[in-house]
Amino acid sequence: MRTILITGQGGTGRTTVAAATALKAAREGTRTLVLGADRTDTLGAALGVPTGATPVEAAPGLTAWRPDAAARFREDLTAFQQRAQTALDLLGASRLDAEEVTPLPGAEELALLRALRDAAMSERYDLLIVDLPPAPQALALLALPEELRRYLRRLLPPERQAARALRPVLGRLAGVPMPAEWLYETAARWDIELAAVEAVVEDRATTVRLVAEPGPAGTDAVRTATTGLALRGLSVDALVASRVLPGATNDTWLAALAAQQRKALDEWQETYALHEVPHLGHDPRGVHDLAALPVPGVNQAPPPVEWPVVDQLADDGVLVWHIPLPGAIREELDLIRRGDELVVTAGQFRRIVPLPSALRRCTVAGAALREGELRVRFAPDPDLWPRTR
């Protein structure tokens, strides 16, 4: 199934573009599901059909769904209390009733990720359109599965489960109780669920579509989002310039704003697969307005983002890891080698990535930013690198 994640500049009609894209695909015969992430029903307002916890048919071939974070959070907390019943009783803790539980920060993001996983694993749809929050929040959301899985592996390593028979003895020797079986079982279950979400995000058929209003603020937002997405290995298949004003107008104020937009559009045209969506003069409401928006179609996914390792041992005695980071600024880049991992920081974004197997036997010999690409040089460690006769 093809998945398109739609994000971009805040307050520029992302939800409208997501709804219009989904409607266009459905009218072309593609079984489409559009997921909304907003707490308020902005998706339903755009489609003209209320959306909520139960998927609804917004148009022939188009299903809309806005997951209920509160309900899922209550279910998870109830299940946790049941699993931790013994520990809670020992502590004298009072259980929470489902009716008094309200979602904590982050519950909506987790609900959306689970909905994304469930939709991708379903065979009912050919296309999944996800209306994500603005780019900074969307990037943090997309990074969550990978980061949580890393935390779980560090805090509760799976290999320690093999010593479950020794835990009572180790607990008496240490003088403290060892983690209970349910804790490891819960961690394993979470890891499986997070791995399924991570697989959807990293799938070759998953792409990102950016939405921004042409202008200085939009240019900054697009550049930042492009860098953050590249760091996560996500490809951008299109940049949608929304609310584009007509060029010919007698109004001096509108003419100046249109000229500013045209300058940004000309710059974007040189770098991105640009699609212009004109301003309708009002907020689009309902399928009739959405059909009037010339959003880009759903074609084949572009080539995935590759991080190749180039062998330059014969010429320079190094291996070079090429990490695409379009829009990155040299002064905002930072690299830290940590064991078999590389911590890459680009502005406000950071990612910890495992080193390819060949590079784990090398030492970092330098790095440079060239043509929107971070090139990290690795020199073989003589004590670890295989020697030839």
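Trainee: In which sense do strand β1 and β6 pair?
Mentor: In this predicted model, strand β1 covers residues 2-8 and is joined to β6 over six bridges. One of the contacts between these strands brings Ile4 to its bridge partner in β6, Thr207. The sense in which β1 and β6 pair is parallel.

Trainee: What is the handedness of the crossover by which the chain passes from β6 to β7?
Mentor: The strands β6 and β7 run parallel and are joined by five bridges, with Val211 having Val240 as its bridge partner in β7. Between β6 and β7 the chain passes through helix α9, residues 216-231, which makes this a β-α-β crossover. Its handedness is right-handed.

Trainee: How many of the residues of β6 are buried?
Mentor: In a regular strand the side chains alternate between the two faces of the sheet. In β6, Thr206, Val208, Leu210 and Ala212 point one way, while Thr207, Arg209 and Val211 point the other way, and all of them are buried. The strand is therefore mostly covered, given that a residue counts as buried under 20% relative accessible area, and the number of buried residues in β6 is seven of seven.

Trainee: Which residue meets Arg209 in a salt bridge?
Mentor: The partner of Arg209 comes within 2.8 Å, N to O. Arg209 lies in strand β6 (residues 206-212) and its partner in strand β7 (residues 236-244), so the pair ties together parts that are 28 residues apart in sequence. Both side chains belong to buried residues, and the partner asked for is Asp237.

Trainee: Is Arg338, which meets Glu341 in a salt bridge, buried or partly exposed?
Mentor: The side chains of Arg338 and Glu341 meet at 3.5 Å, N to O. The relative accessible area of Arg338 is 39%, and the class between the cut-offs of 20% and 50% is the one that applies. Arg338 is therefore partly exposed.

Trainee: What is the geometry of the pair formed by the rings of Trp307 and Trp321?
Mentor: A pair of aromatic rings is described by the distance of the centres and the angle of the planes. The structure holds one aromatic pair, and the rings of Trp307 and Trp321 have their centres 5.8 Å apart and their planes at 65°. Planes over 60 degrees apart fall into one class, so the geometry of this pair is edge-to-face.

Technical notes. Residues numbered from 1 in each chain as written. Predicted model: local features only at pLDDT ≥ 70, side-chain atom pairs only at ≥ 80, totals over all residues. Heavy atoms only, no water. Salt bridge = Lys/Arg side-chain N within 4 Å of Asp/Glu carboxyl O. Helix = DSSP H or I, 4+ residues; strand = E, 2+ residues; numbered from the N terminus. Buried < 20%, exposed > 50% of the residue type's maximum accessible area, 1.4 Å probe, protein only. Phe/Tyr/Trp six-rings, centres within 6.5 Å; stacked < 30°, edge-to-face > 60°. Pairing = 2+ DSSP bridges. Right-handed = clockwise from strand over helix to strand, strands pointing away.
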